[in-house]
Amino acid sequence: MESLFWGRMDWQDRTMRYERKQGTNGFEWVWQGSRSLGSSAQTFAGNLFGRGAGGYSSWFSFEGSGAQVNDDPALFDYNVDQWVDKFVQNAREQASHTQDAEHQIWALGSDFQYQNADQWYRNLDKLIHYVNLNGSVNAFYSTPSLYVDQKKRWNGTYELRTDDIFPLADDSHNYWSGYFTSRPALKRQVRFATGVLASARQLEVVTQTTAKEVDRPSAKHAPVVGSSWTDSFEGTVGVATHHDGMSGTERQDVTDDYAMRISSSQKEVEAGIGLAVSKLLKLERGAVSHCHCHAADDCLNISVCAATTGKDAFTIAAWNPLAHSVSEVARIPVSGGRWSVTDGVGRAVPSQVVPLDERTKGLPLLYLNSFGMSTRQVAEAKARLENKADHVLMVALESLPPVGLATFHAAADAESTVARAAPPPVDVAGEAAQAGEAAEAPAFAEAADTVVESDVFSLTFDGASGLLKSLTNKRSGATTALAISWGWYNSSVGGCTEYGPEVPPSARLPPCSDQQSGAYIFRPNSSTPFFPGPARKPAMRVSRGPLVTEVAQTFSPWASHVIRLFRNASFVEVEWTAGPIPVDTPWLPPVARHSDGRPMPNNWGKEVIVRYTSGLEAGHTWYTDSNGKEMVKRAYNRRGPTYPHDYNISEPVAGNYYPVNAMMALDDGTHELAVLTDISQAGASLKDGEVEFMVHRRVQADDSRGVQEPLNETMCGCNDIHAAPGKMGAHGREGDGGCECAGLTMRGRHLLLFDKVPAVRAARRALAEQLNFPPLLTFTDAKVAPFKPSSSLGAPLPPNVKLVTLTSNYADIHDGQLLLRLSHLYGAGEHPTLSQPATVDLSQVFSKEGLKISAARETTLGASRPLAGRNHVWRTHSRTEAAAREAEEIARGAFESRQPFAYPKVTLRPMEVRTFLATFA
């Protein structure tokens with residue numbers, strides 16, 4: 001990528017650069033965003049000048065019938081001279097804030113702009129013509145690429161920046177860190193759809209299943225891009241990654257539209273997957289079923305699956321999309337408590353059955369919209385929604401072949417000793433909060449600690465508080481104090497921020513602002529989170545078994561998690577469930593009253609967190625991933641070396657929140673705690689040794705950034721109670737006629753890794769891939785012939801290399817060649833051996849019949865053109881001593897020399913992605 005421009009940047013950074021303070025000059029620089037690739041990944045970048053102080057759009061607009069260029073001197077509103085004068089004045093103003101001022105880029109359009117192209121271009125044509133007749137400046141249509149070509153010819157030097165732009169604020173109390181979590185259901189849908197898409201593409205290629213065979217075309221109102229049955233799905237997932245899509249900063253009806261389109265196109269893909277798996281297993285068409293969360297009665301994430309419930313036997317077909325062998329424990333809802341499982345050739349497979357817990361049983365009922373229903377109708381609807389399963393069958397899917405398929409047969413068996421039900425769960429002393437309670441927190445009674453173990457980890461739970469107390473890695477002997485707790489920040493509706501003692505008086509800006517928390521903005525009204533309900537000891541239930549040991553903890557009816565220890569696993573799983581987040585807060589004293597003295601409800605926005613508090617001394621630093629790749633060092637209340645000094649963080653919580661797409665980690669130099677997530681979330685370390693994730697939000701006000709409605713989602717996709725179409729309802733959302741439905745409830749997983757630093761860093765990348773690209777599970781109750789696990793690869797990829805893409809979707813426009821993309825999983829210096837360059841022999845990896853490679857040519861990332869030589873070498877300087885030291889440190893460890901591709905071998909540097917058009921036999 002040669003250049004990148006954006007329209008938002010932090011207000012303090014923007015002000016410094018606009019006012020040319022601290023040695024800056026304008027909004028452009030050379031960004032070196034990869035510590036692994038160093039100067040070879042430099043990009044000309046910056047913030048657009050916008051209306052004068054940064055931002056997208058420009059100072060003029062031709063929307064509506066107002067501002068137009070009138071060049072007829074006979075008319076009273078002739079205004080060419082005024083337009084030309086203003087154009088020249090603005091060009092001179094921008095020149096005073098631009099290095100190499102001979103060339104400027106003016107980006108036109110904005111949100112809800114460019115809705116009349118004919119009107120825009122008629123006026124632009126006139127404006128360019130008359131400005132050029134004036135001769136003061138030369139105006140013309142251009143592109144960012146042509147603009148950057150001119151910047152390359154400048155003899156000066158640009159500032160080198162190696163830090164990033166997160167989190168940004170547009171004013172002292174307006175941090176754009178809320179959208180890192182906003183609309184978590186859509187974020188999760190996009191994440192998991194991406195995993196399904198990867199598997200579907202591979203199955204299409206391996207089985208040569210065509211769109212004509214699938215014959216389930218999704219309606220597309222735009223031109224078809226590719227010829228595959230995955231094309232529509234690829235398109236809808238791609239569109240949802242729009243900056244106001246998956247980010248969660250769109251209105252509810254737009255969110256619903258994204259979700260509907262992804263679901264619709266995924267059904268077409270599932271038909272293709274089913275056909276491809278049927279080919280591999282030699283089954284009839286239509287014999288394969290899915291449980292991918294398209295409806296309340298079809299979702300493995302909440303243990304609902306019609307294909308496995310009420311059945312005496314079924315077969316699981318597991319496709320592994322990763323190019324390495326993996327092992328996974330699948331959780332399958334079933335009826336009955338005694339099951340046996342065998343693999344495709346009849347060997348017994350470790351498995352375990354546990355009763356379905358009450359929290360999970362209740363999740364399907366949350367989809368009910370009871371608006372206008374009678375009591376009888378509500379009961380009937382709940383009967384239709386209720387989960388028909390009563391147990392969960394956990395199956396060890398061991399050693400799944402790389403890019404391959406394995407089968408597992410499950411059968412109900414009352415006499416089985418292979419998968420008998422685990423011992424009944426044991427309730428440990430504790431109290432679960434009841435909905436609506438408002439009581440003083442009782443003193444917790446003393447009780448003995450509870451120790452729960454696997455062959456790898458030992459967990460100790462405090463008998464008095466009920467919280468996790470410590471974590472020990474039994475294999476390495478590493479141990480740390482560790483607590484897992486829940487809380488919620490009260491969303492601000494405007495007010496004053498209280499500064500803590502860690503913020504020096506010299507760094508404090510005015511504390512008061514009317515800024516509210518909303519879809520974009522996260523602004524809590526205090527730095528201390530509340531307990532999720534009446535404060536009390538969480539209820540705890542322990543279930544031990546040969547494969548998995550579970551500890552279920554309930555903090556309130558809307559905040560709970562299950563901690564799982566798997567046999568022979570290098571991680572601890574925390575499956576969290578958040579919601580329905582209540583609107584009212586009846587357990588806290590009312591803060592407002594009606595004129596007659598009656599209390600008003602505490603209808604407060606709630607930003608829900610899960611916090612992990614360790615005993616590690618990390619020096620108030622931690623690491624977050626950058627879009628799943630480079631790990632970026634963060635420091636409490638600090639920014640990178642190219643930011644203003646001193647940098648003032650006026651929101652001590654929101655100003656320290658960063659996007660977490662894959663993982664967040666901290667270490668003390670010897671041991672590391674890493675937390676992996678299966679969904680993009682906001683995360684922070686507000687105290688040394690502690691990390692917290694915002695897992696959910698339900699906000700009751702709008703933040704005035706364009707959404708124009710609160711972030712107040714429900715399970716049924718409907719809007720507020722008694723809200724007429726187009727009008728706002730009781731909770732501030734635009735209505736569709738009526739909604740009486742539970743608030744959105746989310747479930748996700750965190751994987752905790754704790755060990756010596758090299759061991760954690762070796763494991764965390766592979767686990768992140770497995771978490772986000774899990775085995776694709778399909779089900780059939782048809783008789784399946786013996787099936788030996790089969791890989792489509794001749795050899796697995798090296799452990800530090802990922803198969804990113806393998807698709808035939810664009811084969812028709814590339815002379816039958818397939819798109820193949822590989823990437824290095826590790827960053828420079830991340831691990832002693834896995835962070836070294838990796839060489840792949842494509843002819844050995846892709847050597848099997850049906851997927852045998854014969855040629856490949858390297859292209860740009862999007863395969864739009866052949867790969868050119870080395871990028872332009874920019875002349876740069878470091879503006880501060882700290883920035884110079886960081887640049888030197890990066891240069892010492894980076895792999896800056898790219899090795900040319902010589903078929904069949906390709907060498908990938910740490911974090912490098914390489915793309916090919918490949919010919920397969």
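Helices (H or I, at least four residues) and strands (E, at least two) are DSSP runs, numbered from the N terminus. In these terms, Pro167 sits in the loop between β4 (158-161) and α5. The model is predicted, so local features need pLDDT of at least 70 and side-chain atom pairs count only at pLDDT 80 or more, while totals for chains, interfaces and linings use all residues. Residues are numbered from 1 along each chain as its sequence is written, and side-chain values use heavy atoms, with hydrogens and water left out.

**The chain as a whole**

The secondary structure comes to 13 helices and 43 strands. The radius of gyration is 29 Å, close to the 29 Å that the globule rule gives for 921 residues, so the chain is as compact as a globular protein of that length. That radius is taken over C-alpha atoms, and the rule is 2.2 Å times the number of residues to the power 0.38. The C-alpha trace spans about 95 × 80 × 55 Å along its principal axes.

Buried residues (under 20% relative accessible area; exposed is over 50%, partly exposed in between; 1.4 Å probe, protein chains only) make up 55% of the 921 in the chain. With contact meaning heavy atoms within 4.5 Å, residues 24 or more positions apart account for 72% of the contacts with a separation of 6 or more.

**Helix α7**

Helix α7 (residues 231-240) is mostly covered, with seven of its ten residues buried. Those buried residues are Asp231, Ser232, Phe233, Glu234, Thr236, Val237 and Ala240. They pack against α5 (184-207) and α8 (252-281).

Two strands pair if DSSP finds at least two bridges between them. Strand β28 (residues 658-660) is joined to β31 by three bridges, and the two run antiparallel; Val660 has Gln681 as its bridge partner in β31. Three bridges also join β31 to β32, again antiparallel, and here Gly683 is partnered by Phe693. β31 and β32 form a hairpin with five residues between them, and Gly689 in the turn has a positive phi of about 80 degrees.

**Cys716**

Cys716 is partly exposed, at a relative accessible area of 25%. Apart from neighbours within four places in sequence, Cys716 is in contact with Tyr367, Leu368, Asn369 and Cys741. Its C-alpha atom is separated by 41 Å from that of Tyr826, 110 residues apart along the chain.

**Backbone exceptions**

Most residues other than glycine have a negative phi, and most peptide bonds are trans. Departures from this are tabulated here.

| Site | Backbone value |
|---|---|
| Phe166 to Pro167 | cis, omega near -15 degrees |
| Gly579 to Pro580 | cis, omega near -5 degrees |
| Val403 | phi near 45 degrees |
| Asn568 | phi about 60 degrees |

Pro580 lies in the loop between β24 (572-578) and β25 (606-614). Val403 is found in the loop between β12 (391-400) and β13 (404-412), and counts as buried because its relative accessibility is 1%. Asn568 is in the loop between β23 (559-566) and β24, and counts as exposed because its relative accessibility is 52%.
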